[in-house]
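Subject: Structure handover

Hello,

Here is the structure you are taking over. Please open it and keep it in view while you read the notes.

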Amino acid sequence: MLSRSAVQRLVPGGLVAAGGGTLLVTLLVLIAVSAAGGDSGRMPDIARILYVSSIQAGLSTIFSLIFGVAIAWAFNRLSFPGRNLSVGFLSAALVTPGLVVAFGLISVWGRAGWVNTLLAPFGLAVPPVFGLFGIVYAHIILDATFAAALLLPRLDGLAATRLRLGRSLNLTPWLRFRTLDWPALRPALPGLAAIIFLLSFTSFPIVLTLGGGPANQTLEVAIYAAVRLDFDLGAAVRLALVQLAISAVLIIPATALSLVPPAGGGTRALPWPEPRGVARLAGLILIAAGLFLGLPLVAVIVGGTGFGEVLGQQSFWNATATSLIVGIGAALAALVAGLAVASARSAARNPIAGFALSAPAYVYLAMPSVTLSLGFFLGAHRLGLNTGTIGFWVLIIAGALLALPYAVSTLTPALTGIEGRYGRLATSLRLSPLQRWRLIAWPLIGREIGLVLAMGFCFSLGDLGVISLFGSENLSTLSSAMNRALGAYRTDDAAAISALMLILSIAVFVALPRIFERLSRAGT
Amino acid sequence: MLELDGLRFAHPGQDRQYAFSLSVAPGEILGISGASGAGKSTLLDLIAGFVTPLSGSLTLDGQSLVGLAPEQRPVAILFQADNLFDHLSIDRNLSLARPHGRLPQDERDSSLEAVGLAGLGRRRASTLSGGQKQRAALARCLLLDRPVLLLDEPFSALDVDTADAMRELVRKLVSARNWHTLLVSHQESDLAMSDRRLHLEAERLQTG
Amino acid sequence: MIRNLVLAALLLTLSGPAALAADKPELTIYTYDSFAADWGPGPQLKAAFEAKCGCTVNFVATDSSIGALRRVQLEGKSTSADIIVGLDTSVTGQARATGLFAESGVDTSGLNLPIAWDDKEFVPFDWGYFAFIYNTTKLPEPPTSFEALNAAKDLKILIEDPRADTPGLGLVLWIKAAYGDKAAGVWKAMWPHVVTMAPDWSAAYSLFLKGEADMVLSYTTSPAYHIVADNDLNYAAAPFEEGHYMQVEVAGVLKSSPNKELAQQFLTWLVTPEAQTIIPDTNWMYPVVDLPETPAGFEDLIVPDTPLLLPDDEVTAKADEWINEALDAQH
């Protein structure tokens, strides 16, 4: 029979899951109801959009996984000063706003970018980065680094006993990868592939900016066009449903993904240097990754060095304050909801219940942010709430929802691992839920908590979709301030703001997991 | 008296059905042997309440335990490993015997003394040796003082001398506190300490 | 500061803005974000009008002018907007069709526009021409027509997505107005020159400033910004023989507004020289009245001989079809 503590953990998680699912349906229904009557009946060529975006997303996924594995492997084999900072850089890439990545990419590889400026004296030039190539490249910057950041701890956390065994057998570098590393990486790959495919499949600003023309489209773009240009809310809902339906297939493997490996390693167990040639290869991979994936982000930071003028603007500081508060609120909300779902999943014994608990959270991976924003707007309006002022809260809730899938996949394996090891003991000792949390969970998942907070913060920091309907004179975030500056010839201001946002993201990703790991350990 | 009468269980989706009938007197140690996978752990899970039986009865002194959630059962367990929270001190691990109240320092100290760990209360559990950890866990069983003690291969991770000392200690405490004790193991050296022995085969308990 | 912000947000959520207004009448104006920005015309217009009306002016910024219209459509009759400022001629037909706008009551006959203006609902407050902007140091001989552009070798241009952005739609209308039935052919020949179709004007213009293309679709007035703000004289608009399509930005009063009289006062004031002086060097568009002095940076701008503008009912009816025609020409 279910223990009392299992029930106590299942109920909040179940409520969050039910709430998340109900909210999603409500938002779609609100839009559909408002659409009644104003239906143009016009639908874009869905088959073509699906074809184009599947190819783009497929290529993005394959290359992101290959490069992600290579980068994680190289980081695992090498020790050098600044390694931790570089790893923090990796994790931050995922949450960088797409437009910022696109501009960074162009600063480096564009017609008048760094590389072509270097090559010009020799009469050489790199081909343009627009079209399918540019889209896939930008996605790889985001997703290969994300994959690497996620796979690296699996390699760093390999048990010392296995390494010792491997070393005593004198495994060659290739056999070492195949027999030790690969089994640790492989379980994460299907879920990772599903998430990367979803992210690329629903990509919006990158596809529009680097796409080269209308031939490259995603459903997300079509939804945006349906809302903005045609004001055809019926079509928007239908397209959103198509996107959700297709994504549902991918969500099944995605729910199985653990963002952090179950055995919470974090330090490398046993130094086992590779032969010189292989170490050089690892070094080469990292240099290439820095050049192709890191440099565009560095270009964003370098491009923003003229931030003197921005720092003097009151509106910039207001936007910063709003972004910080909204970010912290969204991070905390994502953490609380994520903990509820994850601890329910750790208590749920059968896999179907586990899936039912987390699926509503994962659906938000595929929810177009235009639809989310529109639904909230209509809901607030129907409730008679002032849409200008409720925006603050919507930003927090939406930011938390968009980060929720990542929160669940970070916390679930950690809590499930703890449950497996200590669950029966805690139950037989009759510990209350509070005691379970204070004595067992909190001291052991500090790092994961920091990671979830960082993700929640950065997702809301980079949001441009939700703020589009709720922004006002009184409510402006850093990303909307960046957009506003771009819309008025003030490209230097925009560059400065995006540089500051990127620096903030990296700082948060490097600092929070460490801070929370310390905090949680200090209590025991 | 702890009694199991025709207690049946099957893992979801599996055909094999276990059926257990046995009784243990106060202060008695009943040894259960059997090959790996024969169902030894399942038997303990049923008594502890981690799994629910299909039918049959489970009583302590005539009171049925079947409807009780795990945390309501009068059962203390000693696992093969992970009996302590590694990241907490021994004192805090012992305090967990009274999750809803305070455990006086002298009670804690005397229980540690009883298992031969006097003075180690402030140490973090992860710094103890395997034998010390099991002793500390036994100290907590003393503090819990529940009528049923389940021993799930608690000595198999220890070296020979440590295991001997530990077995002696358990024997002494069981007699002193009159615990109804089930010992599950596949090692002859462990089973030798029990008062009576049953063997698990083909999902049934056999005498011998 | 952080705590105050949270408190303010809480208070606002609970009480609504009415509580803050005290007894002064309040005028809520929806507009696009760069109009309301610190450096845009919004703050100056607000200060100047508040000084005479004894009211409070609130600008509510959405991400674009279409965004402002959509927001009013979503809110319907219960919208808190009294006025929308910043719609342009490519969407006025749609806006009129919503039936949400009242007659402005403003006499627009004396305004100085290249075309005759006769519209009961919408009051023009600035205008400009779409044009391709180039850097004179990098492109000494810019094309002088669409045909020249399409024939030029290796010339790269940036345009905006007509499904999401008004200049993008402006280009579709421009080519349609100039070429009629031959528009598809012009598009077909132009696509190879397009580096990318950016999501909006800001992305396209940023890419242009980064050097990704020789020309970008913008406004004839864009060089004025570079002259005034950066003292950079190297940007110019390429005059096209076919003429240039006009963009007229308009403002309208909502029928649902409880402050209709005040709103009409604002629109009447918006086309006086006092308000119009503010527009050119903040919104970088031409004023709709003759000003005593030519605004800074506007002296040397090109003045197209042939202003093009399609009737807004035709635009409303056919825009979809024309957009598809332009996009399909890529294949």
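The notes below go through the chains, their contacts and the core.

This is a predicted model, in which local features need pLDDT of at least 70 and side-chain atom pairs count only at pLDDT 80 or more, while totals for chains, interfaces and linings use all residues. Residues are numbered from 1 along each chain as its sequence is written, and chains are lettered from A and ligands numbered from 1 in the order in which they are written.

Chain C

Chain C contains 15 helices and eleven strands. Here helices (H or I, at least four residues) and strands (E, at least two) are DSSP runs, numbered from the N terminus. The C-alpha trace of chain C spans about 65 × 45 × 45 Å along its principal axes.

In chain C, 53% of the 331 residues count as buried. A residue is buried if 20 or more other C-beta atoms lie within 10 Å of its own, exposed if 12 or fewer, and partly exposed in between, with C-beta atoms placed from the backbone. Among contacts in chain C between residues at least 6 apart in sequence, 78% join residues at least 24 apart. Two residues are in contact if their C-beta atoms, placed from the backbone, lie within 7 Å.

Chain B

Chain B has six helices and ten strands. Along the principal axes, its C-alpha atoms fill a box of roughly 50 × 35 × 35 Å. For 208 residues a compact globule would have a radius of gyration near 17 Å, and chain B agrees, at 17 Å. Of those 208 residues, 39% count as buried.

Where the chains meet

Two pairs of chains are in contact, and chains A and C share the most contacts. On that interface, 51 residues of chain A are in contact with 54 residues of chain C. The largest share of the side of chain A that touches chain C comes from α18(A), with five residues. By class, this side of chain A divides into 26 nonpolar, 20 polar and five charged residues. For these classes, Ala, Val, Leu, Ile, Met, Phe, Trp, Tyr, Cys and Pro count as nonpolar, Asp, Glu, Lys and Arg as charged, and the others, Gly among them, as polar.

Chain B touches chain A through 17 residues, in contact with 20 residues of chain A. Strand β6 (residues 75–78) of chain B gives the most to that side, with three residues. The side of chain B that touches chain A has eleven nonpolar, four polar and two charged residues. No contact joins chain B and chain C, and their closest C-alpha atoms lie 37 Å apart.

The core

The largest nonpolar core has 355 residues, and those with the most contacts inside it include A:Ala334, A:Ala407 and C:Ile83. A nonpolar core is a set of buried Ala, Val, Leu, Ile, Met, Phe, Trp, Tyr and Cys residues joined through C-beta atoms within 7 Å. Helix α18(A) gives the most to this core, with 21 residues. Leaving aside neighbours within four places in sequence, A:Ala334 is in contact with residues including A:Ala400, A:Ala407 and A:Val452.

Regards

How values were computed:
Rg over C-alpha atoms; globule rule 2.2 N^0.38 Å.
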